[in-house]
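Dear colleague,

Please find below the structure I promised to hand over. My notes on it follow directly after.

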Amino acid sequence: MKYMLIMRSNDEAVEAYNEIPFEQVIEQMGRYNESLINAGVMAAGEGLTDASEGVVVDFSSQPPTVTDGPYGETKELFNGFWILQVSSREEAIEWASRCPLSPGSKLEVRRVTELSDFPQDNEWIQKEAEWIADAERAKADE
Amino acid sequence: MDDPVAASAEAVRRRVAAVWRIESARIVATLARYVGDVGLAEDLAQEAVVDALRQWPRDGVPASPGAWLTAVAKRKAIDGWRRRERLDERYAAMAHDLDTRTDPNAPPWDPDTIDDDVLRLVFISCHPVLARDAQVALTLRVVGGLSTEEIARAFLVPTATVQQRIVRAKKTLSAAHVPFEVPAREELPDRLASVFGVLYLIFNEGYAASAGDEWMRPELSLEALRLARSLSRLVPREPEVHGLVALFEFQASRFGARTTEDGEPVLLPDQDRTRWDRTLIARGTAALARQDALGRGRGYYGLQAGIAECHATAARAADTDWERIVLLYEALGRLAPSPVIDLNRAVAVSMSEGPATALRIVDELVASGRLSGYHLLPSVRGELLDRLGRAAEAREELQMAARLTRNERERAVLLRKADALT
């Protein structure tokens with residue numbers, strides 16, 4: 001099963017983080033990532049650039065409003081993520097708790113949905129049926 | 001789980017299992033280096049886990065659980081030696097070393113030797129003095145950190161059988177005085193081939209189960225993928241390790257599309273490609289690039305990965321580069337001649353040149369008798385005959401294939417196909 005570790009920080013944590021020498025940050029995170037890769041559990045992971053480069057599309061009105069970052073009222077900033085392929089929820093939590101983050105930062109651990117999460121009458125299944133029918137027709141035309 | 005004590009014991013049990021999963025290979029490898037015996041190392045580590053299950057609910061989980069387990073297991077080793085009054089100077093020195101370093105949270109391992117230790121563990125688990133069954137069980141157990149029950153479930157054999165295999169494997173290694181070391185350079189290719197073979201077997205057992213009710217057991221394949229990724233970090237200069245990883249990544253990318261909700265197989269041309277895992281496909285491509293960058297060509301697994309890549313990168317089944325696949329099968333057939341590869345090549349030929357050419361290859365295989373009893377031979381022959389409009393013969397072939405397969409899911413699909421031909 002796959003889990004996403006979502007890195008969240010507040011403004012103060014980001015500020016405090018900026019005080020730590022960049023080399024040190026890179027080294028600690030590098031070691032952590034290396035341990036994930038060596039264990040074969042890291043499926044993907046990316047950091048995100050500063051929130052001031054970000055944009056928010058807000059669906060509370062129609063058409064949605066688009067706001068440039070930084071976002072005045074936002075209490076939490078989404079800074080990056082990992083996708084881990086692990087055998088249990090506990091394993092994902094265990095890996096998350098080894099991440100070298102400092103106070104003010106949080107890691108949210110969320111399972112990535114799988115096929116078995118969808119009910120049989122879901123549109124995915126219907127879409128597949130249509131797709132198979134298309135493929136069969138295409139084969140018959142050959 | 002209304003009882004809070006029981007609930008917390010259960011939480012600790014799951015936590016211990018997660019720690020074991022992450023740390024077991026390093027713990028057992030470290031211990032094996034100390035005691036010089038993988039079997040003993042594994043027993044000691046298991047005893048330490050039992051201690052953890054007893055102590056952690058009471059005292060809390062230590063800051064460095066892996067180090068805790070290793071330290072406790074080492075003490076047990078020393079206690080055992082003391083009890084048996086076989087304390088020679090070496091053991092005494094070790095005991096002194098441990099007694100003076102009482103902080104169980106201090107990392108007991110030297111980071112520079114750890115990866116080598118794990119690599120030694122991989123080579124021992126796949127050592128040629130062991131039968132293939134034993135290699136598989138031991139690898140999943142001591143390198144993968146799976147429990148005996150998990151291994152038994154995955155291979156549909158009784159737990160006692162797996163237990164016996166592991167106990168015998170450990171005894172065999174001891175009796176043969178197998179040293180805890182990475183093989184010499186000249187031996188390395190052969191020994192690595194054996195390791196690759198074990199991982200390949202584990203992956204395939206999960207990918208298309210040879211028997212039973214379930215068509216695939218993805219968690220077993222994913223374990224093989226995890227171990228292969230890990231191995232590729234240990235021997236990054238070996239080209240084929242990247243080919244093996246690439247093959248597994250591409251194959252695993254299709255897991256979400258290979259069965260219906262009910263567990264019915266969905267064959268390649270019918271799969272919903274939007275459900276293929278793009279992350280794993282990208283990883284497969286990257287692993288192949290790593291192999292190619294080493295400049296020593298692709299081997300058995302790299303060529304298969306190349307074929308899997310052709311499928312993975314085709315947006316629709318109709319876009320598949322079948323000519324490239326035929327060439328890759330030809331290369332594979334020269335590298336490792338096998339009737340199964342010839343059969344697969346025939347399928348690719350049927351897509352690039354048509355069923356008539358492919359049928360000639362299949363008929364040669366039938367005549368050679370080399371695949372008699374293999375259900376996929378009549379299955380492919382049936383498909384080809386169907387495409388050539390020879391329905392009655394096709395039905396007979398599909399029925400024969402259904403009789404030959406040991407997998408219930410596959411049998412149902414074959415019989416349904418046969419019945420649809422009138």
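I begin with a pair of side chains in chain B: B:Glu397 and B:Arg381 form a salt bridge in which the closest N and O atoms are 2.8 Å apart. B:Glu397 belongs to helix H18 (residues 391-404) and B:Arg381 to helix H17 (residues 376-387) of chain B, so this pair ties together parts that are 16 residues apart in sequence. B:Glu397 is buried, at a relative accessible area of 14%, and B:Arg381 likewise counts as buried, at 15%. Please bear in mind throughout that this is a predicted model.

**Other salt bridges**

Over all chains, the structure holds 36 salt bridges. In general, side chains of opposite charge can pair when their charged atoms come close. A further example in chain B is the salt bridge between B:Arg316 and B:Asp319, with an N to O distance of 3.1 Å. Here B:Arg316 is partly exposed, with 49% relative accessibility, and B:Asp319 is also partly exposed, with 39%.

In chain A, the side chains of A:Arg98 and A:Glu94 meet in a salt bridge at 3.3 Å, N to O. A:Glu94 counts as buried because its relative accessibility is 3%, while A:Arg98, at 28%, counts as partly exposed. Which residues are linked with A:Glu94 and A:Arg98 in a network of salt bridges? They are B:Arg15, B:Glu23 and B:Arg26, so that the network includes residues of chain A and of chain B.**Chain A**

Chain A has four helices and six strands, and their order along the sequence is β-α-α-β-β-β-β-α-β-α. Of its 142 residues, 27% count as buried. Where contacts in chain A join residues at least 6 apart in sequence, 75% of them are between residues at least 24 apart. The chain exposes about 9200 Å², of which carbon and sulfur atoms supply 54%.

Two surface patches in this chain may interest you. A nonpolar patch of about 410 Å² is made by A:Val55, A:Val57, A:Phe59 and A:Val66. Of these residues, A:Phe59 is placed in the loop between strand E3 (55-58) and strand E4 (65-68), and A:Phe59 is exposed, with a relative accessible area of 62%. A negative patch is formed by A:Asp11, A:Glu12, A:Glu15 and A:Glu19. A:Asp11 lies in helix H1 (residues 11-19) and is partly exposed, its relative accessible area being 39%.

The loop between E3 and E4 also contains A:Pro63. The peptide bond from A:Gln62 to A:Pro63 is cis, with omega near 0°. For context, most peptide bonds are trans, and most residues other than glycine have a negative phi.

**Chain B**

Chain B contains 19 helices and zero strands. It has 422 residues, of which 52% count as buried.

Two residues of chain B deserve a note on their backbone. B:Leu156 has a phi near 55°, a positive value in a residue other than glycine. B:Leu156 is located in the loop between helix H7 (148-155) and helix H8 (159-175). Is B:Leu156 buried or exposed? With a relative accessible area of 51%, B:Leu156 is exposed, the cut-off for that class being over 50%. B:His177 also has a positive phi, near 50°. The place of B:His177 is in the loop between H8 and helix H9 (188-207), and B:His177 counts as exposed, at 69% relative accessibility.

Finally, a note on distance within chain B. B:Gly39 is found in helix H2 (residues 38-59) and is buried, with a relative accessible area of 8%. Between the C-alpha atoms of B:Gly39 and B:Val349 the separation is 49 Å, and the two residues are 310 positions apart along the chain.

With kind regards

Notes. Residues numbered from 1 in each chain as written. Chains lettered and ligands numbered in written order. Predicted model: local features only at pLDDT ≥ 70, side-chain atom pairs only at ≥ 80, totals over all residues. Heavy atoms only, no water. Patch = residues over 30% accessible without salt bridge, like charges linked within 9 Å, V, L, I, M, F, W, Y side chains within 5 Å. Areas by Shrake-Rupley, 256 points an atom, 1.4 Å probe, with all protein chains shown as cover. Salt bridge = Lys/Arg side-chain N within 4 Å of Asp/Glu carboxyl O. Lys, Arg positive; Asp, Glu negative; His and termini not counted. Charge placed at Lys NZ, Arg CZ, Asp CG, Glu CD. Buried < 20%, exposed > 50% of the residue type's maximum accessible area, 1.4 Å probe, protein only. Contact = heavy atoms within 4.5 Å.
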